[in-house]
Amino acid sequence: MSDLRDRQDLRERQLAHLTRPGSRPALVVVDVQRDFADPDRLTEYGLTAAALSALDQAVTRIRDLVDAARAAEVPVVWVELGSDPARPWRSSNWLRGGDYDAPMGPDEPCVLGTSGAEWYRMRPAEGEPRVVKRAYSGFLGTDLRERLRAAGCDWLTVVGLTSECCVYATAQDAVQLDWPVVVPRDATAAYDLDVHAAALVQLGLNVAVLGDTDEVVDLWKKAAQ
């Protein structure tokens with residue numbers, strides 16, 4: 001019982017820091033693109049009906065958060081994969097297929113200029129920054145850090161796809177760069193329910209405070225007050 005109270009007290013202190021006067025949050029949306037989110041493009045991954053349903057629900061909640069962020073004047077930053085055939089990610093080639101020097105294959109996701117790289121069921125509004133990455137983290141080789149610093153953002157909500165990969169990598173880099181991070185459990189997903197559950201455990205242990213969409217919106221409102 002004492003351990004539970006200690007965890008509750010810690011969480012209250014963490015959230016109080018996020019809602020202190022003058023605190024400025026931002027929403028970072030990661031890789032909700034057709035090649036990662038459109039069920040018609042995911043058949044080779046063999047998702048179960050339950051996993052497809054969870055993915056659909058996560059995309060809906062992400063879209064809800066985007067709408068709520070705009071209404072609350074919380075900056076929305078869009079991080080998207082842009083695979084460039086002229087610059088293949090060779091270590092990824094090696095990891096997935098064993099051939100470090102292979103050219104980019106026809107099944108590479110989110111190739112620049114293709115329909116698979118388009119945002120799915122949501123899109124950036126005019127003036128909202130878009131950051132194109134070529135690997136997992138939205139911070140690696142991009143100006144995401146500089147954009148968030150310039151906007152005066154004090155803490156981040158990271159959402160998107162997938163929880164164990166690009167969401168994890170982006171959130172982990174954010175906390176290492178000194179931003180407190182919140183990850184809503186219901187606004188991210190993986191292609192396997194057990195993988196998603198494990199990703200949330202890892203995020204909660206070392207990277208982020210976990211919550212849900214409604215709690216994040218409430219935090220934004222409190223910060224605005």
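Which residues of S4 are buried on one side, and which on the other? In this predicted model, Trp-155, Thr-157, Val-159 and Leu-161 are buried on one side of S4, and Leu-156, Val-158 and Gly-160 are buried on the other. The legends below begin with this strand.

**Figure 1. Strand S4 is covered on both faces.** Strand S4 comprises residues 155–161, and seven of its seven residues are buried. In a regular strand, side chains alternate between the two faces of the sheet. One side of S4 carries Trp-155, Thr-157, Val-159 and Leu-161, while Leu-156, Val-158 and Gly-160 belong to the other. Both faces are covered.

**Figure 2. Strand S4 pairs in the parallel sense with S1, with S5 and with S6.** Six bridges connect S4 to strand S1, which spans residues 25–30. Within this pairing, Val-29 has Val-159 of S4 as its bridge partner. Strand S5, residues 181–184, is paired with S4 over two bridges, and Val-182 in S5 stands opposite Thr-157. Strand S6, residues 188–189, is likewise joined to S4 by two bridges; here Ala-189 in S6 stands opposite Leu-161.

**Figure 3. Helix H6 belongs to a right-handed β-α-β unit with S4 and S5.** The helix in this unit, H6, covers residues 166–176. Its buried residues are Cys-166, Val-167, Tyr-168, Ala-169, Thr-170, Ala-171 and Ala-174. The elements that cover these buried residues include strands S1, S3, S4, S5 and S6, together with helix H7 (193–206). Just after H6, Asp-178 adopts a positive phi of about 90 degrees.

**Figure 4. Asp-31 and Lys-133 form a buried salt bridge.** Side chains of opposite charge can pair when their charged atoms come close. In the pair of Asp-31 and Lys-133, the closest N and O atoms are 2.9 Å apart. The two residues come from distant parts of the chain, 102 residues apart: Asp-31 lies in the loop between S1 and helix H2 (34–37), and Lys-133 lies in strand S3. Asp-31 counts as buried because its relative accessible area is 0%, under the 20% limit. Lys-133, with a relative accessible area of 1%, is buried as well.

**Figure 5. Thr-142 is a buried loop residue.** Thr-142 is located in the loop between strand S3 (130–133) and helix H5 (144–150). Its relative accessible area is 18%, and Thr-142 is therefore classed as buried, the limit being under 20%. The side chain of Thr-142 reaches the backbone oxygen of Gly-138 at 2.5 Å. When neighbours within four places in sequence are left aside, Thr-142 is in contact with Val-131, Val-132 and Lys-133. Lys-133 is also the salt-bridge partner of Asp-31.

**Figure 6. Glu-118 and Arg-34 meet in a salt bridge between distant parts of the chain.** The N to O distance in this pair is 3.9 Å. Glu-118 is in the loop between helix H4 (90–97) and S3, whereas Arg-34 is in helix H2, and 84 residues separate the two. Both partners are partly exposed: Glu-118 has a relative accessible area of 42%, and Arg-34 has a relative accessibility of 24%.

**Figure 7. Glu-128 and Arg-70 form a salt bridge between a loop and a helix.** The closest N and O atoms of Glu-128 and Arg-70 are 2.8 Å apart. Glu-128 lies in the loop between H4 and S3, and Arg-70 lies in helix H3 (residues 49–71), so the pair ties together parts that are 58 residues apart in sequence. Glu-128 is buried, with a relative accessible area of 16%, whereas Arg-70 is partly exposed at 33%.

**Figure 8. Residues 26–214 carry a domain annotation in UniProt.** An unreviewed UniProt entry lists this span as "domain: Isochorismatase-like". The end C-alpha atoms of the span lie 16 Å apart. Residues 26–214 are 37% helix and 16% strand in the predicted model.

Key:
Residues numbered from 1 in each chain as written. Predicted model: local features only at pLDDT ≥ 70, side-chain atom pairs only at ≥ 80, totals over all residues. Heavy atoms only, no water. Buried < 20%, exposed > 50% of the residue type's maximum accessible area, 1.4 Å probe, protein only. Helix = DSSP H or I, 4+ residues; strand = E, 2+ residues; numbered from the N terminus. Pairing = 2+ DSSP bridges. Right-handed = clockwise from strand over helix to strand, strands pointing away. Polar contact = N/O pair within 3.5 Å; in protein donor to acceptor, adjacent residues only side chain to side chain. Contact = heavy atoms within 4.5 Å. UniProt positions renumbered as here; feature names shortened; annotations may be inferred. Salt bridge = Lys/Arg side-chain N within 4 Å of Asp/Glu carboxyl O.
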